[in-house]
Amino acid sequence: MRARDKASVSALRATLATLDNAEAVPVDESALRGSALEHSPVGVGVTEGARRELSEREVREIVRAEATERLEVAAQLTAPAHADRVAQLRAEAAVLLRFLDGASPA
């Protein structure tokens, strides 16, 4: 961020958000249908649920999928008007692939 590398910042923020979403525990729909307000738990942290822990392999798969998605979208944008967006997507994919290359094998 300090280096103001927009491609890196964009790719890393989006990928961190995707990883954060992947850690979320699915909510049981019946639990959402409610109970009376007076039966609701009260206090600090009562609404916090435990999060999944992703394995290194799962993290690598998510990062690889993010990079692949960017490359696929870049390949689909063929109009000259999209040249800047294509360059940005390829740069973001390169950032993510560098992280995979630098990580230890899963």
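Reader: Which residue does arginine 52 form a salt bridge with?

Author: Glutamate 58. The closest N and O atoms of the two are 3.2 Å apart. Keep in mind that this is a predicted model.

Reader: Where do aspartate 20 and arginine 51 sit?

Author: Aspartate 20 is in helix H1. Arginine 51 is in the loop between helix H2 (29-32) and H3. They are 31 residues apart, so this pair links distant parts of the chain.

Reader: How accessible are they?

Author: Aspartate 20 has 40% relative accessibility and counts as partly exposed. Arginine 51 is at 42%, and that also counts as partly exposed.

Reader: New topic. What does glutamate 66 pair with?

Author: Arginine 70. Their side chains meet in a salt bridge, 3.0 Å from N to O. Both residues lie in helix H3, four residues apart. That is about one turn of the helix.

Reader: Buried or exposed, that pair?

Author: Both arginine 70 and glutamate 66 are buried.

Reader: Why does glutamate 66 count as buried?

Author: Because its relative accessibility is 11%, and the cut-off for buried is under 20%.

Reader: What is glutamate 66 in contact with, leaving aside its neighbours within four places in sequence?

Author: Ala14, Thr15, Thr18 and Leu96.

Reader: Which residues are linked with it in a network of salt bridges?

Author: Arg70 and Glu92 are linked with Glu66 in that network. Glu92 is one of the buried residues of H4.

Reader: Which other residues of H4 are buried?

Author: Val86, Leu89, Ala93, Val95, Leu96 and Leu100. The buried residues of H4 pack against H1 and H3.

Reader: Why does the length of H4 agree with what a helix should span?

Author: H4 has 20 residues, so at 1.5 Å a residue it should span 28 Å. Its end C-alpha atoms are 29 Å apart, which agrees.

Reader: What about pockets? How much space lies in the largest one?

Author: About 200 Å³.

Reader: Which elements give two or more residues to its lining?

Author: Helix H1 (6-23), H3 and helix H4 (83-102).

Reader: And which residues lie nearest the centre?

Author: Thr15, Leu19, Val59, Val63 and Phe99. They are among the twelve residues that line the largest pocket.

Reader: How does the lining split by class?

Author: It has nine nonpolar, one polar and two charged residues.

Reader: Zooming out, how many helices and strands are there?

Author: Four helices and zero strands. Along the sequence, the pattern reads α-α-α-α.

Reader: What share of the protein is buried?

Author: Buried residues make up 20% of the 106 residues.

Reader: And what share of contacts with a separation of 6 or more comes from residues 24 or more positions apart?

Author: They account for 75% of those contacts.

Definitions and conventions: Residues numbered from 1 in each chain as written. Predicted model: local features only at pLDDT ≥ 70, side-chain atom pairs only at ≥ 80, totals over all residues. Heavy atoms only, no water. Buried < 20%, exposed > 50% of the residue type's maximum accessible area, 1.4 Å probe, protein only. Contact = heavy atoms within 4.5 Å. 1 Å grid on protein atoms, 1.4 Å probe; cavity = no way out; pocket = protein on both sides within 12 Å on 5 of 7 lines; lining within 4 Å. Points joined across faces, edges and corners; volume = space filled by probe spheres on them. Nonpolar A, V, L, I, M, F, W, Y, C, P; charged D, E, K, R; others polar. Salt bridge = Lys/Arg side-chain N within 4 Å of Asp/Glu carboxyl O. Expected span 1.5 Å × (residues − 1).
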